[in-house]
Amino acid sequence: MTRSAADQRWMQRAHALAHNGRWNTAPNPRVGCVIVHEGLAIAEGWHAMCGGPHAEVHALGQLDPHDARLSSSTAYVTLEPCHHFGRTPPCSALLIERGVERVVIGMQDPDPRVAGSGIEGLRAAGVEVTVLDDQFGGRWLNRRFLSSLERGRPWVVLKCAISEDGFADPPRTSEERGSLPITAPALRRLTHQWRAEEQAILVGAGTVDTDNPRLDVREANGPNPFPVVLDPQGRTSPQAHVYAHPGAVVLGGPEGLPDHVVRLEAPEKGAIETVLAHLQQAECRSVLVEGGPKTLAGFLESGMWDEARWCMGSKPTRGGMRAPALPSGAALRGSHPFGDDQVRYFVNPASLALTGHAPAPTLALPLPA
């Protein structure tokens, strides 16, 4: 195996480690680290929680501070090591202090506090540095972080359950309330896992009125996202479940909301842009949109979306509210079967300008029973 091929292989391992931090690192990026000596990994780590040890610190912490192997070892890190004091000390200084011979970096950090200074600091100290800017999936790994830093808005994921005959909400009587299932329970558990991977979850007033959802992660593992409600007409009830969350945000909204709810003034136009601007300011890197067809269509028409996850049911509803249509240019990344149901993953082609390659989707199995 050539040195370049070895670098790519070990960086793929670092990417896999970084995924372990998918639940609690935001607003920080996901980072993995592998330390390799004579072709063997001698330590591994990942950034597990915002404010906690970075991946390099976690990996080096597994080795004796005076381990002589480090002087002939390579550290593979998915993102440029920080070179500043933030919530934790700089990782570049630790790598230098511990005498690591070589550092291979997956990509430069766009954060202005880093932005190449980590690479420069390592090289100035005599450390050999290689940057794999074109590593497959490198930018996709931190698409949420990059969207916020480079585009100035959160990464937007759309989710919709669609019946075999193309409806997103089954027909119901005026008295029927609550979510009416279109897909099997196993697929519903997957969608709860998706919730845990994003910081915020957004719905429209119609969903709150009809379903009164909790929008939590009760059928999976991970933290609950904070709810965001689009309610420019003030239609929702202040007693709705979503407003009990301490981080709840509403655009418009009714009178009598709990004091902890952040209320945004509803503009005449540009509700989506207003909400995304607020989330960006609050360092929210990503939002899962689980609203009804009208809310989803609004994001699709505005172009302010990045991924679409269409949960395709195998049974017809014979009526109801039609699912929104994806733009003709939406790129299909792949699909997964769930019994007779299926998930189809799409990407906005404009988003690929940010991330480059979008690897085929994989499932974090096993799903909760």
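Colleague: Is W155 buried or exposed?

Modeller: Burial is judged by relative accessible area: under 20% is buried, over 50% exposed and in between partly exposed, using a 1.4 Å probe and protein chains only. W155 has 0% relative accessibility, so W155 is buried.

Colleague: Good to know! What sort of model is this?

Modeller: This is a predicted model, where local features need pLDDT of at least 70, side-chain atom pairs count only at pLDDT 80 or more, and totals for chains, interfaces and linings use all residues. Residues are numbered from 1 along each chain as its sequence is written, and side-chain values use heavy atoms, leaving out hydrogens and water.

Colleague: How many aromatic pairs does the structure hold?

Modeller: Rings of Phe, Tyr and Trp (its six-membered ring) pair if their centres lie within 6.5 Å. By that rule, the number of aromatic pairs is two.

Colleague: Which kind of pair do W140 and W155 make?

Modeller: Planes under 30 degrees apart count as stacked, over 60 as edge-to-face and the rest as tilted. The centres of these two rings are 5.6 Å apart and the planes stand at 90 degrees, so the pair of W140 and W155 is edge-to-face.

Colleague: How many residues apart in sequence are the parts that this pair ties together?

Modeller: Helices (H or I, at least four residues) and strands (E, at least two) are DSSP runs, numbered from the N terminus. W140 lies in helix α5 and W155 in strand β6, so the pair ties together parts whose separation in sequence is 15 residues.

Colleague: And which kind of pair do W194 and Y345 make?

Modeller: Here the ring centres are 6.3 Å apart. The planes are at 75 degrees, so this pair too is edge-to-face.

Colleague: How many residues apart are W194 and Y345?

Modeller: W194 sits in helix α7 (residues 185-197), while Y345 belongs to strand β16 (residues 341-347). The pair links distant parts of the chain, and the separation is 151 residues.

Colleague: Which residue has its charged end over the ring of W194?

Modeller: A charge sits over a ring if NZ of Lys or CZ of Arg is within 6 Å of the ring centre and within 35 degrees of the ring normal. The charged end over W194 is 5.0 Å from the ring centre, and it belongs to R309.
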